[in-house]
Structure formats: C-alpha cells, structure tokens
Amino acid sequence: MTVVQVLGSLPTGRDVVRPDFDAISDALQQPYRHLVVAGSHRASFPDRHHAATICDLLLNQLFPGFFADRETLERSAKPNDVRGLHLALETQIRRALRYAARSAGTASDDIIVQATEHADASIAELPTIQELLAGDVEAAFSNDPSAIDREIIILSYPSIEALAIQRFAHRLYRRGVPLLPRMLTEVAHSRTGIDIHPGAVLGASFFIDHGTGVVIGETATIGDHCVLYQGVTLGAWNPTGRDEHGVLRRGAVNKRHPDLADHVTVYAGATILGGDTCIGHHSIIGGKVWLTESVIPYSVVMMDAPPLRIRSRRVASEST
Amino acid sequence: MTVVQVLGSLPTGRDVVRPDFDAISDALQQPYRHLVVAGSHRASFPDRHHAATICDLLLNQLFPGFFADRETLERSAKPNDVRGLHLALETQIRRALRYAARSAGTASDDIIVQATEHADASIAELPTIQELLAGDVEAAFSNDPSAIDREIIILSYPSIEALAIQRFAHRLYRRGVPLLPRMLTEVAHSRTGIDIHPGAVLGASFFIDHGTGVVIGETATIGDHCVLYQGVTLGAWNPTGRDEHGVLRRGAVNKRHPDLADHVTVYAGATILGGDTCIGHHSIIGGKVWLTESVIPYSVVMMDAPPLRIRSRRVASEST
Amino acid sequence: MTVVQVLGSLPTGRDVVRPDFDAISDALQQPYRHLVVAGSHRASFPDRHHAATICDLLLNQLFPGFFADRETLERSAKPNDVRGLHLALETQIRRALRYAARSAGTASDDIIVQATEHADASIAELPTIQELLAGDVEAAFSNDPSAIDREIIILSYPSIEALAIQRFAHRLYRRGVPLLPRMLTEVAHSRTGIDIHPGAVLGASFFIDHGTGVVIGETATIGDHCVLYQGVTLGAWNPTGRDEHGVLRRGAVNKRHPDLADHVTVYAGATILGGDTCIGHHSIIGGKVWLTESVIPYSVVMMDAPPLRIRSRRVASEST
C-alpha cells in the first residue's frame with residue numbers, strides 16, 4: 001500500500017512527501033467495513049461514550065441528589081427522570097441486538113420491540129437494585145472505621161459505584177443482551193479499578209474496601225454479607241479452561257470461578273481460584289493467601305508467612 | 001409497588017404493558033427524600049462533578065501552564081485566576097456544612113461565613129503546598145531512572161496528581177470540613193489508582209512510583225524522603241478495629257495504620273499493618289513483605305522468598 | 001509573603017481579613033515563570049487534555065465505528081478523518097519540541113518542519129499498528145473464555161486500549177519526540193490501570209487479561225504470543241539502577257527491565273525483575289512468583305506456596 005504522496009521536489013533534489021491521508025484512511029476502514037451498517041447509521045455498536053452516560057444516569061437515579069453531575073444531566077432531555085435512562089438504554093440495546101442479528105445472520109424484524117422489552121424490564125428492577133445498594137452501604141458502614149456516616153460512602157466509595165453498575169449490568173446479562181453488560185462493567189472497572197464480570201452473582205450486603213485490583217470472574221458466586229479487600233482475585237484455575245481437544249469452553253457454561261458462601265471475608269491480595277472451589281460460610285481468608293481448594297464453614301485460612309530476614313544497614317553504611 | 005402499567009390489549013389477548021415511569025421515579029426518590037433540601041436547591045451535597053473540577057483547577061494553580069485543560073478553564077469565569085478555585089471550593093464547602101448541620105440538627109446561621117473562612121485558609125496555603133510538591137518532583141527525579149527531566153514528572157506522573165490533591169484535601173480534613181476531603185482524594189484514586197485517605201500525614205519529598213493499588217490509611221504517618229512502589233498497603237490490622245463490645249471505633253481517634261519514619265523505602269506489593277507498627281528511619285522494606293511489627297532504624301526487611309519449583313515443559317510437550 | 005489583606009475592622013475590634021488573591025496568584029506563577037513562553041502562547045507544554053483527545057482520535061481511527069465518542073468527534077473539525085488526528089498530533093509535538101529546544105538552549109528554527117515529519121511518519125504507520133492490534137484481539141479471543149466474540153474485546157477490554165496507545169506512543173518514543181509519548185501512555189494507565197512505558201518493545205499477538213496493576217518498564221522487551229495477567233510487574237532490580245558514584249543512569253541506555261521471549265505466559269501477581277533476566281520461550285511463570293534470574297526455554301516456574309494454616313472459628317465462636 002502506498003501511504004505517501006510526492007508533492008514535488010526541493011531545489012536540493014529531495015522529494016517533498018506527505019502522507020496520503022485518503023489512502024491511509026481508506027486502508028484503516030477496510031478491515032472493519034463488513035461490520036459497519038450501510039446507510040446513515042455509521043456507528044452500529046453500542047459506544048463507550050453512551051455506555052458511560054448510562055452509568056451516570058443510572059447512578060443519578062439510584063442515589064437521587066448524590067451523583068448530580070449537571071453536565072451529564074443537562075445533556076439528556078429530562079435530567080431527573082427515569083425516562084432519560086430508559087431512552088439511553090433502549091437505544092444502545094437496539095444497537096447491540098442489531099449487531100448480534102447481523103453476526104448470526106438472523107432476521108432483525110422485532111429488534112425494536114425486543115430492545116424496549118429489555119429496557120422496560122431493567123428499569124422496572126431499579127427499586128430492587130436500590131434496595132440491594134442500601135444494604136451494600138450498610139455493609140460498608142459496619143465494616144469500615146474511616147466511614148463517619150453513610151453519606152460519604154454513597155458520595156465517594158468506589159465499591160458503591162462498581163456494585164451499582166454491576167448489579168444493573170447483571171440483569172441485562174441474564175436477559176441475554178449482547179455487548180452492553182460488559183461495556184458497563186468496564187466503565188466501572190476504568191473508574192474504580194474493580195473488575196467484576198456482569199455474569200458474577202453477587203449476594204446482598206456486599207462490601208469491597210479500597211477495591212483497586214479486585215477481579216471477580218464471570219461464573220463466581222458470592223453469598224450475603226461478604227467483604228473483600230483490595231487486590232482480591234476470584235479467578236479461573238487454568239486446567240479447567242479447555243476441553244479434551246484444547247478448545248476453550250466459552251461463557252457461563254464453563255463454571256471456572258469459585259463460590260463464596262455467606263459471611264465470608266477475604267483480606268487484601270488473596271487469590272481464590274477454580275470452579276469447584278467453595279469457601280464455606282463464616283470463613284475468613286487471610287491476606288495474600290493462594291487457595292485452589294474448598295474449605296468448610298467457619299474456616300480461618302492464614303498463610304504461614306515466609307520468614308522475614310531482618311538485618312541492619314547501619315554498619316554497612318557506616319563502614320563505607 | 002406497581003411498576004407496570006397496562007396500556008391496552010393486543011388482538012391476541014396479550015396485554016400491552018409498559019413500566020410505570022412515574023411510579024418508579026417516585027419509588028426511587030423515597031428513601032432519600034429526608035436528605036434532600038426543600039425548595040430550589042435540589043442537590044444539597046457536594047457533587048462528584050464539582051469535586052473533579054476543583055481537582056482540575058487546583059492542579060492548574062499549583063503547576064501553572066502544565067495542566068491547562070482548556071475545557072475546564074473556559075468553563076470557569078476567570079480561568080487562570082486563583083479566585084475561580086476559591087469560588088468552586090467555597091460553594092462545595094457550603095453544601096458540605098449545610099448537610100452536616102442538618103444531620104446534627106444544629107443551626108446553620110453562619111455556614112456562609114464558615115465556608116468562606118475554610119476556603120480562605122486553604123487558598124492561603126497554596127504556596128506552601130506548591131513548595132512541598134516541588135520537593136515531591138525532586139524526589140521522583142532522584143529516584144526514577146526513566147525520568148529524563150522534571151517536566152515529564154509534572155506532566156504525567158500519577159504520584160504528583162495524587163499528592164497534590166491529597167496534600168490539599170488533608171488541610172480541609174484537618175479543619176474539619178465534612179465530606180469534601182474524601183471526595184477529592186477519591187477523584188485522585190479513580191484517576192491514578194493511588195488511594196490515600198485525606199487524614200494521612202505525609203512528609204516532605206515523597207515519591208510513589210507507578211502507584212496502582214497503593215493504599216494509605218487514615219491514621220498512617222509518613223516521614224520525609226520516603227519512597228513507595230506500586231501495590232503497597234499501609235493498612236489496618238484487624239484486631240485493633242473494634243472496642244471490647246465489638247463496636248467499630250471510627251475516624252482519627254482509632255489509630256490503626258502504621259508510621260513510617262524518614263528515609264523509608266517500601267518496595268512493590270509490601271503490606272505494613274497496624275497502628276503500633278513503626279518503621280524506623282532509613283529502613284528498606286522488600287517487595288511483597290508482610291509486616292505487622294515495628295522495626296528499628298536502618299533495618300532491611302526481606303522476605304525469605306518461597307522456594308521456586310522450576311521444571312521443563314519440553315519433555316511433557318514432546319511426549320504428547 | 002503576605003497572603004492576606006485586612007479589609008477593615010469589625011465593631012468588636014476583630015480585623016476582617018481576606019486572602020490577597022493577587023499576591024497568592026503571583027506567588028504561584030513565580031517558580032514556573034522561566035518555563036512559560038512569552039507572548040500569546042501561554043501554555044507551552046503539550047497538555048493532558050489534548051493528550052487524552054489524541055488517544056480518543058487514535059482509537060477511533062484504529063477501530064472505525066467501535067470507539068465513536070460523538071462528543072470528541074464533534075469537537076474536532078473532521079471527525080472521521082485521519083487528518084484530525086494528524087493535526088492534533090502535530091500541534092502537541094510542536095509544543096514538545098519547542099520546550100526541548102528551550103531547555104537545551106538550541107535553535108528552534110525548524111521545529112515546525114520537524115513536528116510535521118514526526119506526525120507524518122506516525123500517521124503513515126497506522127495501518128501497521130492496526131494490523132498488530134488485530135493480532136492482539138485474536139490473542140485475547142483465543143485466551144479468554146469469557147470472550148464470546150471479537151467485538152466485545154475491541155469494545156471493552158482494557159488490554160486493547162492500553163496496547164493501541166502504547167504501540168503508537170512507542171513509535172513517537174523511538175523517533176525521539178519528547179514528553180508526549182509518556183503522556184499518552186499515562187492516559188492509558190489512568191483509564192486501564194495498565195502502566196506500560198512507551199519505551200517497552202512489545203511483540204505481536206499480546207494479551208493482558210484484566211490488567212489492573214500491570215507495570216512494564218522502559219527497557220523491557222516482550223516476544224510474540226505472550227500473555228500477562230493482572231498485577232504482573234516487569235520491573236527494575238534495584239542494584240542495577242546506579243553507577244559506581246551512586247548516580248542514577250537515566251533512560252534507555254540503562255537496561256534494567258527483563259526480556260520475555262516468545263510464547264511466555266505470566267500469571268497474576270508475578271514479579272520479574274532485572275535487565276539481565278531473560279525468560280526463555282514457551283515458559284510459564286506461576287502466580288505471585290518472584291523472579292530475578294533467567295530461566296531456559298520451556299520452563300515452568302511455580303512458587304512453593306507457603307503452607308496454609310487452616311483452623312475452625314466455630315469452637316472459638318461457640319465458646320464465647
């Protein structure tokens with residue numbers, strides 16, 4: 001491919017070349033041309049900007065008066081109204097369904113009706129989600145000594161933002177809406193450092209302290225009254241990921257992440273792996289523990305910390 | 001609660017139902033209605049959008065010409081002027097004080113005067129904060145081989161953004177301003193992955209390299225010339241968190257995070273816990289060390305790394 | 001420095017003082033005055049807002065129709081056109097070069113020509129970068145069981161955003177463009193939690209799963225078909241950082257980060273350090289391994305996990 005144009009020659013004989021913008025632009029469009037809808041709707045996918053807007057409108061509905069980002073609100077027609085969220089959601093779900101129909105080569109006649117049904121159903125669950133989040137706020141309040149009141153938790157804790165978005169995205173995921181659920185949880189991941197797959201099943205009264213680096217995989221389940229700290233991974237244990245032919249088994253059918261029963265606490269940096277790994281209720285998993293097997297209820301699992309070698313720099317630094 | 005409306009019936013006999021938007025909207029407002037100010041001031045809390053704006057205006061004042069986000073600047077009336085920051089700050093502090101007075105059921109007569117005093121005092125400390133940050137830039141420059149010059153540190157290092165915001169938020173925290181200080185440090189946490197509570201006392205010439213996953217708790221203190229790497233936790237050690245009745249002791253009165261004296265370096269992924277844990281000056285804490293006890297000055301603490309098992313895949317992969 | 005003004009006295013005799021905004025503003029400008037260009041161009045550095053815009057325009061060019069952030073697009077004159085990216089890039093490179101010339105005290109006659117050449121060359125490489133990213137998408141698809149299709153990877157995986165930006169920034173870094181390359185990768189770091197220095201040399205078909213907390217240093221090199229998980233550090237090993245006089249050796253000449261050959265997988269939380277450390281091809285480095293020495297091809301390196309102490313809370317909680 002020629003990506004430069006010769007515009008002329010300098011007196012020195014050197015050619016004046018510039019990039020051939022049109023050729024480059026054309027080359028860049030090529031590989032994705034088959035994915036782009038013909039006609040006026042240039043962008044056929046749900047887009048990241050609107051995914052972020054949905055998250056903002058959602059938080060504003062779930063915590064009225066707490067997340068009032070006026071910019072965002074003024075952009076949508078009826079700022080304080082649940083209809084604004086419904087409309088944004090419906091539009092992006094429609095795009096996601098249209099993409100999926102095109103991929104599968106199926107008819108897309110009733111996409112508009114389906115998108116409305118998905119949006120309707122999700123919006124109707126907002127009061128339930130709000131109630132769950134009130135329990136999450138209480139869980140944060142009863143676990144975190146730095147929380148003087150509940151308001152600061154709603155206003156600033158990454159845990160609340162991540163859980164609000166995941167609990168909503170999880171409902172879209174269960175309904176089979178393509179693309180959008182993960183896009184929403186990745187907005188939360190980007191903002192909070194907490195990476196919860198929309199497929200994960202989260203119990204009530206859940207608290208994640210600090211949160212940066214937390215990873216909760218697609219097929220993990222978490223009971224009620226659980227607490228996680230920063231850097232905790234509930235992940236896949238490699239050997240279970242492929243079938244006997246080495247082919248990756250994809251999605252929810254491949255149960256590969258652990259289950260936490262009720263009242264489980266997992267301290268910072270612990271890693272729990274595997275789809276058969278079940279942490280019994282009322283268990284405590286210590287910081288940095290690496291666990292790939294189940295433990296019975298009321299277990300306390302601590303790492304036999306590697307011995308520390310402590311020596312003094314003083315002599316060394318004085319002798320130089 | 002009824003959240004759907006029947007709009008009519010299809011010829012098939014199936015009802016046409018839509019979410020009852022007004023009922024949902026009303027249900028969502030209910031739990032927080034008591035927190036919302038009556039009358040025209042719909043949003044009574046400091047809001048996250050304005051917390052982010054305060055951070056942007058602050059960085060622009062502390063590093064003139066380095067953080068010039070024209071968007072942000074043009075939104076405020078006098079872009080390059082410290083008055084713009086003062087105004088934004090005063091407004092949000094007023095909201096925070098009004099919320100606190102309402103919570104405590106106390107009079108709110110002098111909130112406007114108080115907010116102005118807090119804003120005045122914080123603004124008057126900007127030159128001192130700027131001087132501290134110049135020391136932080138020097139600390140980064142003398143510790144990081146990838147820093148070719150000081151400008152790139154100011155322009156791009158997450159450490160500088162996190163420290164600028166925390167050093168400012170810490171002054172609001174010490175003056176007892178509610179809500180806002182933590183909201184500001186959570187803006188920094190979201191942008192940088194560095195989570196420093198506004199209560200933490202940071203010494204001069206502080207450098208945090210890379211920074212993602214760093215957690216520094218409310219009652220931690222850090223001396224001068226300290227260096228931390230990514231993933232370091234200065235956290236609470238669980239047993240100290242509750243009194244004899246199991247009740248959480250909240251805020252600064254519960255000293256639960258460690259102290260680092262001057263010239264302490266803590267390498268990536270190390271965890272230091274507990275309010276009685278003091279790291280003596282000129283000490284080095286190695287990567288991934290887990291430390292819950294004090295060490296004397298000039299200590300070098302290394303983990304006796306767990307032995308590695310190294311085997312070859314080759315035979316296995318060749319025999320299949 | 002006087003930073004307060006006495007405006008008058010109250011009947012009580014107490015002075016009414018306000019911050020002297022002009023004095024504070026002036027004080028804050030002072031330390032950087034020598035860095036600011038005289039005349040109309042107030043901000044002489046590439047700025048963070050425009051660095052973020054370049055990242056958005058870049059992603060939109062590399063994945064047409066996938067990252068369509070209409071806001072961003074409408075701000076630039078020719079949204080869907082590679083010329084918009086070229087213009088934004090040229091402007092910021094010009095600023096970076098002007099700063100560097102001023103620092104070095106060299107003439108800045110041909111800065112406009114140089115900036116155009118750098119921008120031209122980078123734009124001309126977009127098709128190559130796009131091809132590399134198609135390989136990165138395939139690598140994600142073949143390694144991640146939660147990826148149902150390739151589209152969701154492009155639309156939401158932090159790995160793709162971080163790699164797109166680093167692969168582009170790396171080309172600017174190699175051409176010697178000051179400041180801007182690191183500013184671009186720090187935009188990616190802020191958004192994704194993945195911190196890859198623009199100097200790092202990345203092979204084809206690279207996948208980073210989850211990604212939060214990943215650090216890849218300036219002089220690291222990574223072969224083809226490598227996979228990293230969250231929290232992996234490819235870092236510097238302290239002793240190599242300084243020369244015999246204790247002076248930091250800066251930049252690419254100081255080889256201080258490891259090399260990964262082709263087909264290397266590094267699991268979550270592993271740390272590999274040192275400029276002489278080479279991981280042979282087809283090796284697997286287990287989770288949380290701490291490695292400062294080379295291993296031969298086809299190695300499997302696992303940590304002899306510290307033994308776990310598992311006890312039951314039940315008796316304890318029943319006996320109280």
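Strand β8 (residues 227-229) of chain B runs parallel to strand β11 (residues 265-266) of chain B, and two bridges join them. In this pair, L228(B) has V266(B) of β11(B) as its bridge partner. The model is predicted. Both strands belong to an open sheet of six strands with mixed pairing, in the order β17(A)-β16(B)-β14(B)-β11(B)-β8(B)-β5(B).

**The six-stranded sheet**

- The edge strands are β17 of chain A and β5 (207-209) of chain B, and each of them pairs on one side only.
- Helix α6(B) packs on this sheet, where it touches β5 and β8 of chain B.
- The direction of α6(B) makes about 45° with that of β5(B).
- At the chain A end of the strand order, β17(A) pairs with strand β16 (residues 299-303) of chain B in the antiparallel sense, over five bridges.
- One bridge of that pair sets S312(A) against S299(B) in β16(B).

**The five-stranded sheet of chain B**

- Chain B also contributes five strands to an open sheet in the order β3-β6-β9-β12-β15, with parallel pairing.
- The edges are taken by β3 (195-196) and β15 (290-291) of chain B; each has a single partner strand, so one side of each is left without a neighbour in the sheet.
- Within this sheet, strand β6 (residues 215-216) and strand β9 (residues 233-235) of chain B run parallel and are joined by two bridges.
- I216(B) has L234(B) in β9(B) as its bridge partner.

**Helices α6 and α8**

- In chain B, α6(B) packs with helix α8 (residues 158-174) at an angle of about 155°, and their axes are 10 Å apart.
- Angles over 145 degrees count as roughly antiparallel, and α6(B) is therefore roughly antiparallel to α8(B).
- The two helices of chain B make a right-handed crossing.
- On the α6(B) side, the contact is made by I129(B), L132(B), L133(B), D136(B), V137(B) and A140(B).
- On the α8(B) side, the contact is made by S159(B), I160(B), L163(B), A164(B), R167(B) and F168(B).
- By class, the residues of this contact are nine nonpolar, one polar and two charged.
- In chain C, the axes of helix α6 (residues 126-143) and helix α8 (residues 158-174) come within 10 Å and cross at roughly 155°.
- These two helices of chain C are therefore roughly antiparallel to each other, and α6(C) passes α8(C) in a right-handed crossing.
- Among the residues that meet here are L132(C) and V137(C) in α6(C), and L163(C) and F168(C) in α8(C).
- The contact in chain C divides into nine nonpolar residues, one polar and two charged.

**Where chain A meets chain B**

- The contact involves 53 residues of chain A and 62 residues of chain B.
- Several elements of chain A each supply at least two residues to the side that touches chain B, including α2 (48-62), α4 (82-104), α5 (111-124) and β17 (308-312).
- That side of chain A has 24 nonpolar, 15 polar and 14 charged residues.

**Where chain B meets chain C**

- Here 54 residues of chain B are in contact with 62 residues of chain C.
- The elements of chain B that give two or more residues to this side include α3 (70-75), α6 (126-143), α7 (150-156), α9 (180-192) and β17 (308-312).
- This side of chain B is made up of 24 nonpolar, 16 polar and 14 charged residues.
- β17(B) pairs in the antiparallel sense with strand β16 (residues 299-303) of chain C, over five bridges.
- In that pair, R309(B) stands opposite M302(C) of β16(C).

**How the copies are related**

- Two copies of a chain are related by a rotation about an axis and a shift along it.
- The copies B and C use different surfaces, as 9% of the contact residues of chain B recur in chain C.

Terms used. Residues numbered from 1 in each chain as written. Chains lettered and ligands numbered in written order. Predicted model: local features only at pLDDT ≥ 70, side-chain atom pairs only at ≥ 80, totals over all residues. Contact = placed C-beta atoms within 7 Å. Helix = DSSP H or I, 4+ residues; strand = E, 2+ residues; numbered from the N terminus. Nonpolar A, V, L, I, M, F, W, Y, C, P; charged D, E, K, R; others polar. Pairing = 2+ DSSP bridges. Axes fitted to C-alpha atoms, helices over the stretch in contact; angles between N-to-C directions. Parallel < 35°, antiparallel > 145°, perpendicular 65-115°, else oblique. Left-handed = near helix turned anticlockwise from the far one by under 90°.
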